[in-house]
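Here is a short briefing to read alongside your structure. Please keep the viewer open and follow the residues as they come up.

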Amino acid sequence: MKKILGYTNVWSAAPGDTVNVMVSTYGPERYRADLVRVICGDDEPDHDIYREEEVDAPFNGEHPGRFQPIDAGSYGVVPKSPGLAGLKSFTVQAWIWPTTPGKGEQGLITQWDDDPAGGFALLIDHTGALALRVGGGNGTSAEVSTGEPLAVRRWYLVSGSYDVATKELSVCQQPLESPFENLKTASATNKIKLDAVANAESPLMFAAFPAILSTGAPASKSHYNGKIDRPRLSGYVMSAAEISAMAWDAMPHERNSQVVGAWDFSHDIGGDTISDVGPNGLHGWTVNLPSRGCKGHNWSGMEQNWRHAPQEYGAAHFHDDDLYDAGWETDFDYVIPDDLRSGVYAVRLKADDDAQGDEWYVTFFVRPPRGTTTSRLAFLASTVTYMAYSNYHWMMHEQYSEAGECFWTTLDKGDVFLQEHNELGLSTYDTHSDGSGVRYASRLRPVVNMAAKTPLWSFNADSHILGWLHEKGIEYDVITDEDLHEEGVGLLDSYRAVLTGTHPEYYTTPMWDGLKAYLSRKGRLVYLGGNGFIWRCALSDELPGILELRRAEDGIRYRDEEPGEYYLEFTGEYGGLWRRLGMAPQAMVGVGTVAVGFDASGYYKRKEASFDTRASFIFEGIGDDEVIGDFGILGGGASGSEIDAVDAVLGTPVHTLVVASSEGHSANTYLVPDETGFHHSAMEGTHNPRVRADMTFFETPGGGGVFSVGSIAWGASLPHNGYDNNVSRISENVVRRFLEDADFSIPD
């Protein structure tokens, strides 16, 4: 089991920037921290390629350990204010769409103190029914429930009232009318003995009850799973007709002066603000990013884009396992020195106790000083893709994962820790506890699969390329996706060539535009991976360190998106495959994903175009009939895991040279969904010639060029035989030629 974890406030830092390091220990009272440069993170003993270098830093040494809790689960907060104080009689109401009504007590709209019991709480009780609870502030409380469990994923108008004159407590759950179902309205009224409902000291909350962490910080508990739309609070007991009228009225305060709060989640989509459109301006904020831009109770289906009909997208979807920022306190910080070379670094944490020691690498990337370069080559770290996969649970939760991955599921310390500590949050490949897909993934938390000595996927697979660059003496700067997103083509323009990792899968629009502009000028790209440039995603301008992904109607989907919610909250853009937006990766890098298979990898054979003089530099030192890459760490070959091929229809430039193609793929390597209109018996690697990776090269008008291998497994073949092999030779030939001054020329 893991005994120590940490994270930083940033993943990319330049000289002069401050990196804050947050650490939590799970048992040990002390730990040691040291700065290291990570050269290759593959620590399999049989590979013998792990490399790290210790670096002097002020924080190197012993530190006191402590446990830092996490307040997971999304909710809304409206601070305590005079507008909420002094309520005597009241009515609280909302539209709700519960997704796990039977999981236990869940707060809907609460302003509640536990000790002594005070305030009110509209909630789902332990039976799955709507209830209203009130407290007198003197240790007494009362509650009324409809006693009728709510249906899953159905809209209800729910309300609760307290009448100080009659001492009556009432609740009602009214399903939205459906022509095909016969859900019943349920209500209940009890006379209670409380003289009055005490004002709570806690804030008003949506989708949770208030709680306190062990550190004394305010937090949450009893989270609601599902959507909430148009929550309202009024200062008197409303009739059923008034409740219904207010529920359908977007601006109820214009006709009802006793409205205390009328919150509208269709405002401020893309941020964490909650707007009160009522007279008191009781604005608030969300915590841990509930999903916005969600269909409300009144969605007609006539519009799919929340920007075009915001009044129909007034719901927020809350989850008990949402997480944006772990919120840990800083243990120490590090100002990047001016003379620290660009590269991949980590704070190596080691916690020792009497039972078993443990270590963790808190990883970050050091770029050159802003506006400068220290090398002609840039390694573009796929940090947006790292975020998409962060704290990946899928293989442990998906019942068909072993059939899909073609190997037995094995768990390392990080995997086991994630099962015990769900508060660390999920990846965009996972589903929430209510079955809905995860749309957001954050780097402001410990990420147990973005470090050295972790499984060889995403970040740690990319370290094979970093280790190869080091072994070959090729100097490089490290820049990141987030840098490209923020700075665009200006980040790349000063580099003679840019090198990708093994799997640059997720791209925001600014990243896409920046790379395209670089290549359309004189840029040179070496794409040493596969399944790249596939999904459009978004980063928030307001909330740093968070990725949004909505997988629309095509592509390899590990979970389905909610129909009508395909447009990204952060940008309003249509989510999904770049291919479906008319911008396939073939048009950017010559190749795009065609097949996936994880049991065995194939090899490449040269094509006729490889003997063209335009490609001669690629194959210097390679025999005419030489098999390329019939070896490697991933599947025993250089073409595997996820592979890409050319497609003229999708935009592969007409002058592209296909210099090699792969063979030897297994029956477990299948065409991806976007490559086939229907399933048939010839979709796999032993029967379908389209299951192949194409190695390509083409020149660009500004004197640049693009070289692609179209395979995730390529990088894992580089270390073979002490980095002395034909995969390594081809890669080195290309990188060194791309770094030369001589321009490429497009043929007539």
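T385 counts as buried in this predicted model, because its relative accessibility is 0%, under the 20% cut-off. The residue sits in helix α2, which covers residues 383-388. Beyond its neighbours within four places in sequence, T385 touches S458, D481, H503, P504, E505 and Y506.

**Nonpolar cores**
- In soluble globular proteins, nonpolar side chains tend to be buried together.
- Here, the largest nonpolar core holds 138 residues, and F707 and W714 have the most contacts inside it.
- F707 is in contact with residues including L525, Y527, I618, F697, I730 and F738, leaving aside its neighbours within four places in sequence.
- Another core lies apart from the largest one and has 41 residues, among them I96, V144, Y156 and F206.

**Strand β13 and its partners**
- All eight residues of β13 (residues 156-163) are buried.
- Y156, V158, G160 and Y162 point one way from the strand, while L157, S159, S161 and D163 point the other way.
- On β8 (residues 90-98), seven bridges pair the strand with β13 in the antiparallel sense, and I96 has Y156 as its bridge partner.
- β14 (residues 168-175) also runs antiparallel to β13, joined by eight bridges, with G160 partnered by V171.
- Four residues separate β13 and β14 in their hairpin, and K167 in the turn has a positive phi of about 60 degrees.

**A nonpolar surface patch**
- M1, L411 and V416 make a nonpolar surface patch of about 240 Å².
- V416 belongs to helix α5 (residues 413-420), and its 31% relative accessibility means that V416 counts as partly exposed.

Technical notes:
Residues are numbered from 1 along each chain as its sequence is written. This is a predicted model: local features need pLDDT of at least 70, side-chain atom pairs count only at pLDDT 80 or more; totals for chains, interfaces and linings use all residues. Side-chain values use heavy atoms; hydrogens and water are left out. Helices (H or I, at least four residues) and strands (E, at least two) are DSSP runs, numbered from the N terminus. Buried means under 20% relative accessible area, exposed over 50%, partly exposed in between (1.4 Å probe, protein chains only). Contact means heavy atoms within 4.5 Å. A nonpolar core is a set of buried Ala, Val, Leu, Ile, Met, Phe, Trp, Tyr and Cys residues joined through side-chain atoms within 4.5 Å. Patches are made of residues with over 30% relative accessible area and no salt bridge: like charges are joined within 9 Å, nonpolar side chains (Val, Leu, Ile, Met, Phe, Trp, Tyr) within 5 Å. Accessible areas come from the Shrake-Rupley method with a 1.4 Å probe; for residues, only the protein chains shown count as cover. A salt bridge is a side-chain nitrogen of Lys or Arg within 4 Å of a carboxyl oxygen of Asp or Glu. Two strands pair if DSSP finds at least two bridges between them.
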